[in-house]
Amino acid sequence: MSADALLLDVRGASKAFGSTTVLAGVDLGVHRGEFVSLLGPSGCGKTTLLRIVAGLLGADGGTVRLDGADITGVPTHKRGVGVVFQSYALFPHLSVADNVAFGLRAQRRPADGIKATVARFLDLVHLGALADRPVRGLSGGQQQRVAVARALAVAPKLLLLDEPFSALDRKLRETMQIDLRHILREVGITTVLVTHDQEEALVMSDRIAVMSKGAIEQLDTPEGIYTRPRTPFALGFVGHSIRIAGKAGQTTDGVLTVDTALGPLRAKGSYLPGSPVLLAVRPERVVVGAPPPDVPSNAVTAALTDIVFQGSKVHLHFAAADVTLLVETNRIPPGLSPGATASLSWGLADTMLFPGETA
Amino acid sequence: MTLTERLGAFFVWIVAIAAAVFLLTPLVVTVLVSFGSSAVFTLPPPSLSMRWYQRLMTLRGLAPALVTSVQIAAFATLVSLVLGALAAIALARTRFPGRDGVVAFLTSPLMLPGLVLGIALLQGFRFIGLIDVWTSLLIAHVVITIPYAVRTLYSALGLFDFTLLDAARTLGCSPAEAIVKVLLPNLAPAFITSAIFAFLASMDNYAVSIFFTNAWTKTLPIQMLTFAEEQPDPTIAAVSSLLIALVLVLLIVLERAIGLRRITEV
């Protein structure tokens with residue numbers, strides 16, 4: 001990918017508060033029109049990175065380039081970066097329409113143009129009917145849409161969303177996520193979302209940056225992160241997984257044999273014999289029963305401890321030698337009940353291999 | 001309602017009415033006397049008359065004292081609001097050792113006896129060689145009025161969401177514009193409230209002002225006391241009644257503008 005296709009290009013952004021390093025030299029490139037999520041637990045530095053991009057916080061080091069121009073030292077109000085804040089930060093002394101018009105007035109746009117722009121963006125977020133209402137009485141979902149319309153109305157080059165769904169209840173959240181995605185696609189704006197909610201990131205993003213301890217662990221498509229997590233952290237933060245710790249054995253034809261508490265298992269890769277490794281597999285890749293004979297597979301025997309029915313899917317909890325194995329199927333296997341022992345198998349291609357923690 | 005609750009409510013009402021009577025009686029007496037025809041303070045007045053109000057027009061020294069008081073009160077209020085707002089922003093936004101001490105220090109003139117404050121300021125001004133009456137009065141009155149500004153604005157800022165300023169900046173406002181367009185309108189009730197309290201505290205002050213006035217420059221309360229000593233007739237009552245009217249008008253304006261409930265909250 002050529003560098004000039006990047007709308008946002010952050011290089012080596014670092015920030016420390018006192019002796020605590022919050023960002024340890026982060027690089028982030030976002031392409032024009034792309035939707036990228038910064039996903040991570042609280043304290044991973046994602047909000048700090050967002051505030052640095054918005055210019056609300058000065059970085060200790062690194063550069064921020066937007067649309068080819070170095071904006072590292074440019075104050076917030078001259079950056080052309082819109083933000084939807086977690087609390088929405090609507091101006092309580094203004095009506096819905098005046099909130100949306102605020103940025104246009106601050107930038108001294110001609111008055112007749114302001115009216116038309118406000119109407120257009122209120123229609124975009126389906127709030128045209130509430131234009132003259134005070135923002136105080138609005139529901140959470142309505143407030144969020146006012147915040148989006150207000151940020152978009154000034155036509156920023158980049159839109160930043162800071163946990164915009166965390167104040168909404170779960171059911172509303174899902175519809176709002178899809179609605180917002182439609183709106184942003186329609187406008188065609190490049191967007192960076194900060195969230196700790198993996199589902200939100202999976203639903204909305206073109207690419208996800210999984211962050212931990214002030215660094216980006218992996219920047220990839222949602223599918224890439226889920227199927228090919230690069231670190232145990234990315235594996236654990238997005239989706240469920242079965243994790244089995246072990247010690248590397250011999251490598252033959254690019255396939256490593258690992259000694260685990262469940263017996264020898266195999267994975268593609270190569271490690272020094274004796275070094276600690278971690279094997280992992282996604283729960284829906286595991287089948288109950290013997291492996292198909294012609295596919296290279298791993299197989300273990302485990303006892304069923306719980307069956308959790310979740311409507312469209314069923315979670316089967318197995319245990320073997322202190323390892324918990326979660327298996328996801330779409331129906332309860334006939335004749336299987338808690339206490340029973342079953343054979344579990346999964347393909348060699350589905351077996352993920354990570355360096356283990358040195359115990 | 002149980003008997004205890006009834007008794008409780010009854011007791012509360014009695015206390016409330018007693019307090020109102022106790023507080024309002026002097027005001028009512030003053031107003032009644034000012035409209036009486038008698039030259040001494042007699043109640044009830046023998047007959048109604050406007051003569052004391054007419055005498056106000058001819059009373060020497062009243063108009064200059066009124067002008068001085070209003071000027072000092074207006075300037076002191078303005079200075080207090082600006083300084084108080086800046087101090088309150090710093091106090092509400094930053095954490096530093098001794099922060100509570102600074103709050104206590106800035107509001108301490110409310111708790112110090114006026115005489116102590118007056119003597120202390122007089123000594124201070126002497127020390128730095130400040131002898132100008134008007135300037136001394138203004139500085140002294142800023143000290144008197146700043147607690148009202150700091151206290152009211154500090155508690156209002158505690159409830160203010162500073163993310164609003166960030167939002168304004170991302171929408172194209174410079175930091176200064178953000179304060180003018182977002183912080184000020186949202187804190188307008190607190191500003192109006194502290195302005196009125198500060199103005200009245202300054203207008204009303206006697207104990208501190210007495211140290212800084214001279215024969216030529218007097219504030220209204222000091223001039224009134226001079227009148228009372230020289231010629232104790234109900235003219236003073238007439239002036240007082242007009243001041244009461246001024247406060248009532250201000251309170252009505254406040255009630256219309258932001259509601260009395262919000263003033264008592266902050």
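**View 1. Helices H3 and H4 of chain A cross at roughly 140 degrees.** In this predicted model, the axes of H3 (residues 111-124) and H4 (residues 140-153) come within 9 Å. Helices here are DSSP runs (H or I, at least four residues), numbered from the N terminus; axes are lines fitted to C-alpha atoms over the stretch in contact, with angles from 0 to 180 degrees between N-to-C directions. H3(A) is therefore oblique to H4(A), as angles under 35 degrees count as roughly parallel, over 145 as roughly antiparallel, 65 to 115 as roughly perpendicular and the rest as oblique.

**View 2. Side by side, residues of H3(A) and H4(A) meet.** Look for A:Thr117, A:Phe121 and A:Leu124 in H3(A), which meet A:Ala149, A:Leu152 and A:Ala153 in H4(A); contact means heavy atoms within 4.5 Å. Five of the contact residues are nonpolar, one is polar and none is charged.

View 3. Domain 1 spans 3-237, and domain 2 takes in 242-283 + 293-355, with bounds from an automatic or database domain assignment. Their C-alpha centres lie 39 Å apart. Nine residues of domain 1 touch seven of domain 2. On the domain 1 side, A:Tyr226, A:Pro232 and A:Leu235 supply 75% of the area buried against domain 2, more than any other three residues.

**Notes.** Residues are numbered from 1 along each chain as its sequence is written, and chains are lettered from A in the order in which they are written. Local features need pLDDT of at least 70, side-chain atom pairs count only at pLDDT 80 or more, totals for chains, interfaces and linings use all residues, and side-chain values use heavy atoms, leaving out hydrogens and water.

Definitions and conventions:
Helices (H or I, at least four residues) and strands (E, at least two) are DSSP runs, numbered from the N terminus. Ala, Val, Leu, Ile, Met, Phe, Trp, Tyr, Cys and Pro count as nonpolar, Asp, Glu, Lys and Arg as charged, and the others, Gly among them, as polar. Buried area is the accessible area (1.4 Å probe) that two parts lose on being put together, summed over both.
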